[in-house]
Amino acid sequence: MKHSPQTIQKIFESILLGRTIRIKNHFFQRRISYKLILLFCISLLSFKLNAQATVSSVEVPANGTYITDQNLDFTVNFSEPVTVVTSGGMPYIAITLNTGGTVNASYESGSGTAAIVFRYIIAAGNDDNNGISVGAFIMANGGTLKDGIGNNATVTLNNVGSTAGVLVDAIAPTVSSVGVPANNTYTAGQHLDFTVNFSEAVNIVTTGGTPFIPITLNTGGTVHAAYLSGSGTTSLVFRYTVVSGNESSDGVAIDIAITANGGTIKDLAGNGATLTLNGVASTSGVLVDALAPTVTSVGVPPDDTYITGQNLDF
């Protein structure tokens with residue numbers, strides 16, 4: 001026989017008050033004993049004592065692209081407050097990335113409340129361009145998560161938010177090659193252009209200073225090929241304009257790295273580029289001659305007396 005919730009409530013009230021119970025013309029003529037009431041209450045208490053805290057939902061990081069040293073925070077909401085003890089080990093949630101494998105979002109805060117925060121800090125080299133994956137459970141890892149009366153929490157992660165838009169890009173752009181000026185002898189006013197090719201598009205900001213490549217000449221010392229163009233693409237152009245007095249008869253020499261000089265070079269996600277110059281083409285044929293010729297001596301005609309029709313050669 002099935003009874004409505006209202007009927008069941010009346011039964012419980014009658015049991016607690018010791019009343020005669022009447023249900024659809026059926027009578028329990030005998031009063032319920034206090035012993036039965038006590039057993040009923042003990043059963044309710046036992047049920048409560050054995051109930052475990054469960055995960056009702058998991059809040060995930062906001063959609064975006066996360067770079068080196070940024071946090072991925074996950075808030076696990078339990079059905080009741082739980083206490084986290086880490087003396088035996090740090091609980092964590094496994095997070096899977098495309099590059100970087102499975103990493104651990106470790107317990108961060110919230111013990112004693114129903115909202116427990118787990119955090120992973122992005123490390124250089126991590127990457128995931130189609131959304132991170134969250135594990136199915138909290139891994140206790142030697143630690144414990146318990147409710148207020150000591151029951152172990154159920155650690156299955158339910159109702160996890162979508163992570164399809166939670167992306168990771170902690171891979172710094174690198175220089176793949178450097179194009180140099182054509183073999184030639186360059187004079188005052190002519191340009192030496194160097195094209196630096198990166199592994200991905202980069203943005204360059206010069207408000208704090210203009211990046212440059214140091215170029216060493218035989219005469220004129222070290223000069224700067226300053227950033228010229230290319231921000232937002234994979235190819236940045238650096239230029240030095242030859243000035244009078246420069247000279248390098250056996251080829252210019254390029255430094256091993258771009259000097260930021262207060263400026264920044266970053267990919268579209270915000271990772272700072274590695275400025276080491278790789279794959280630099282040969283500059284042995286890139287010569288500079290901006291030295292004006294000077295008179296070192298003047299030969300004069302021999303001492304003599306010269307007459308009409310004779311030459312005075314200098």
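Of the protein's 314 residues, 32% count as buried (under 20% relative accessible area, with a 1.4 Å probe and protein chains only). This is a predicted model, where local features need pLDDT of at least 70, side-chain atom pairs count only at pLDDT 80 or more, and totals for chains, interfaces and linings use all residues. Residues are numbered from 1 along each chain as its sequence is written, and side-chain values use heavy atoms, leaving out hydrogens and water.

Q: Why is D69 called exposed?
A: Exposed means over 50% relative accessible area. D69 has 59% relative accessibility, so D69 counts as exposed. D69 lies in the loop between strand 4 and strand 5 (71-85). Strands are DSSP runs of E with at least two residues, numbered from the N terminus.

Q: What makes the phi of D69 worth a mention?
A: Most residues other than glycine have a negative phi. The phi of D69 is positive, near 75 degrees, and D69 is not a glycine.

Q: Why does N159 count as exposed?
A: The relative accessible area of N159 is 60%, so N159 is exposed. N159 sits in the loop between strand 11 (144-146) and strand 12. Its phi is positive too, at about 50 degrees, although N159 is not a glycine.

Q: How do you know that strand 4 and strand 12 pair?
A: Pairing takes at least two bridges found by DSSP between two strands. Strand 4 and strand 12 (residues 166-169) have three bridges, in the parallel sense. In one of them, T65 has L167 of strand 12 as its bridge partner.

Q: Why do strand 4 and strand 9 stand at the edges?
A: Three strands form an open, mixed sheet in the order 4-12-9. Strand 4 (64-66) and strand 9 (127-128) each have a single partner strand, so one side of each is left without a neighbour in the sheet.

Methods. Helices (H or I, at least four residues) and strands (E, at least two) are DSSP runs, numbered from the N terminus.
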